[in-house]
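Here is a short report on one model.

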Amino acid sequence: MTNPMQVNEFFSQITGKTVEVFSLWADANQKVLRELVDLSASAAKEGVRLYAEMQAAALETVKDGQTFLRRRQTDMQEAPKDPFACYQNNVLESVEGAQKAFKIIESNAQAMTRSAERLQVTAEQTGKEIQATFSQVAGRMKSLYSPLA
């Protein structure tokens, strides 16, 4: 490579490949960041959905509690007339209340499980996309770093 023309051509090729490598990595970084932003947005959306489901259950519980207290006020006025019936109603309503509480807990647990499953699917898809991006980068890097023609 003593010929100045060969040296200039060699440096021109090196410069061109360097620009291609920087472009390749910039594109890869952009794709990875886009995937991570999409994952973050999905996680935020899923969090809002889960919060809304749990908030609806909590609101329902508050309404049931208010209804229970109104019935208790009415029942307490009737208690002196028939104490056994009042006691029986209290036991029945306590059992019903416990059943409702367990159903709400179960529905919240199911909502959390569904949310976690949706997030897992999204995270797996993001991971696959990122992996595919880096596989493409590796393939293109191999072709760029093959012996200079």
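## A glutamate and its partners

Which salt bridge do the side chains of E93 and R72 meet in, and at what N to O distance? The two side chains meet in a salt bridge of 3.1 Å, N to O. A salt bridge here is a side-chain nitrogen of Lys or Arg within 4 Å of a carboxyl oxygen of Asp or Glu. E93 lies in helix α2 and R72 in helix α1, so the pair ties together parts 21 residues apart in sequence. R72 is buried, at 12% relative accessible area. Buried means under 20%, exposed over 50%, and partly exposed in between, with a 1.4 Å probe and protein chains only.

E93 also forms a salt bridge with R71, with the closest N and O atoms 3.0 Å apart. That pair joins helix α2 to helix α1 as well, so it ties together parts that are 22 residues apart in sequence. E93 counts as buried at 15% relative accessibility. R71 counts as partly exposed at 36%.

## Basis of the model

This is a predicted model, in which local features need pLDDT of at least 70, side-chain atom pairs count only at pLDDT 80 or more, and totals for chains, interfaces and linings use all residues. Residues are numbered from 1 along each chain as its sequence is written, and side-chain values use heavy atoms, with hydrogens and water left out.

## The helices

Helix α1 covers residues 4-78. Helix α2 covers residues 83-144. Helices are DSSP runs (H or I, at least four residues), numbered from the N terminus. At 1.5 Å a residue, the 75 residues of α1 should span 111 Å, and its end C-alpha atoms are 111 Å apart, which agrees. The expected span is 1.5 Å times one less than the number of residues.

Several residues of α1 are buried, including V21, L24, A28, V32 and L50. Helix α2 is part of what covers the buried residues of α1.

## The E46 site

E46 is found in helix α1. E46 is buried, with a relative accessible area of 6%. Its salt bridge with R118 has closest N and O atoms 2.6 Å apart. This pair links distant parts of the chain: R118 sits in helix α2, E46 in helix α1, 72 residues apart. R118 is partly exposed, at 29%. E46, R49 and R118 are linked in a network of salt bridges. The structure holds five salt bridges.

A polar contact of 3.3 Å also joins the side chains of E46 and S115. Such a contact is a pair of N or O atoms within 3.5 Å; within protein, one must be able to donate a hydrogen and the other to accept it, and residues adjacent in sequence count only if both atoms are side-chain atoms. Leaving aside neighbours within four places in sequence, E46 is in contact (heavy atoms within 4.5 Å) with S115, R118 and L119.

## Other positions

A57 is in helix α1. A57 is buried, at 9% relative accessible area. Not counting residues up to four places away in sequence, A57 touches I104 and N108. In helix α2, A116 is partly exposed at 44%. The C-alpha atoms of A116 and V137 are separated by 31 Å, with the residues 21 apart along the chain.

Notes: Helix = DSSP H or I, 4+ residues; strand = E, 2+ residues; numbered from the N terminus.
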